[in-house]
Amino acid sequence: MKNGIASTLTLALSLAFHGPALAQEQTCPPAPDHSAALTDLIRAAQAAEDERSGRMLSNEMWALWSDAPDGYAQELLDEGMSRRNIYDYDGAMKAFEALIAYCPDYAEGYNQRAFIHFLREDFSAALPDLDQTLALSPRHVAAITGRALTLSALERKAEAVLALRKALDMNPWLSERHLLPVLEAAEEQL
């Protein structure tokens with residue numbers, strides 16, 4: 001336990017004092033290539049017979065997306081997610097910005113920063129990060145779903161419906177599937 005606390009404190013101090021400078025001193029390796037495993041998980045989700053199975057497959061997808069390129073990137077990602085979980089959005093944002101500065105080609109940094117923007121209801125700031133996530137990882141089902149929710153919040157219902165349908169094509173068991181009829185009805189009213 002002491003090592004975990006010491007590691008977190010060391011990381012927090014290095015982020016606070018060195019952030020982007022520390023990232024520039026190191027080189028982020030390419031993100032692990034999980035494309036074959038993701039293909040298998042998407043196929044399994046499409047064929048899943050019940051919600052429980054679909055949710056388990058979603059969790060496995062998350063494990064792939066949150067597999068950072070190296071230990072330092074993983075620490076930044078984990079720190080940001082831990083801070084988000086305790087509603088320290090400023091601390092989470094610092095960690096995700098440091099992750100993006102260090103690993104600009106790692107999609108999850110942008111996805112997590114978009115989530116912080118979304119939680120803060122800064123939807124117009126979330127959308128470019130979601131677009132960057134999808135440019136780097138086009139089958140990131142969670143980012144596609146996040147994009148649908150963000151577009152809906154921006155009152156862009158038709159685009160939200162298209163994005164949610166795309167996500168549901170890959171994983172029909174997403175909890176957001178229940179929003180599709182609501183979005184479709186809102187789109188028809190426009």
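These notebook entries record what I looked up in the predicted model of one protein chain.

**Conventions.** I number residues from 1 along each chain as its sequence is written, and I leave out hydrogens and water, with side-chain values using heavy atoms. Because the model is predicted, I take local features at pLDDT of at least 70 and side-chain atom pairs at pLDDT 80 or more, while totals for chains, interfaces and linings use all residues.

**Whole chain.** I find ten helices and zero strands in the protein chain, where helices are DSSP runs of H or I with at least four residues and strands are runs of E with at least two, numbered from the N terminus. Of the 190 residues, 43% count as buried, buried meaning under 20% relative accessible area, exposed over 50% and partly exposed in between, with a 1.4 Å probe and protein chains only. I note an accessible surface of about 10200 Å², with 55% of it belonging to carbon and sulfur atoms; the areas come from the Shrake-Rupley method with a 1.4 Å probe. Among contacts (heavy atoms within 4.5 Å) between residues at least 6 apart in sequence, 59% join residues at least 24 apart.

**H8 against H9.** I looked up how the axes of H8 and helix H9 (residues 157–170) are placed, and they come within 8 Å and cross at roughly 160 degrees. H8 is therefore roughly antiparallel to H9, since angles over 145 degrees count as roughly antiparallel, under 35 as roughly parallel, 65 to 115 as roughly perpendicular and the rest as oblique. The axes are lines fitted to C-alpha atoms, for helices over the stretch in contact, and angles run from 0 to 180 degrees between N-to-C directions. On the H8 side the contact includes Val 141, Ile 144 and Ala 148, and on the H9 side it includes Ala 160, Leu 164 and Met 170.

**Thr 150.** I place Thr 150 in helix H8 (residues 141–153), and at 1% relative accessibility I count Thr 150 as buried. Leaving aside neighbours within four places in sequence, I find Thr 150 in contact with Phe 118, Phe 123, Ala 126, Leu 127 and Leu 130.

**Leu 179.** I find Leu 179 in the loop between H9 and helix H10 (180–189), and with a relative accessible area of 34% Leu 179 is partly exposed. With neighbours within four places in sequence left aside, Leu 179 is in contact with Leu 149 and Leu 164. Leu 149 lies 30 residues from Leu 179 in sequence, and the two are 9.2 Å apart in space, C-alpha to C-alpha.
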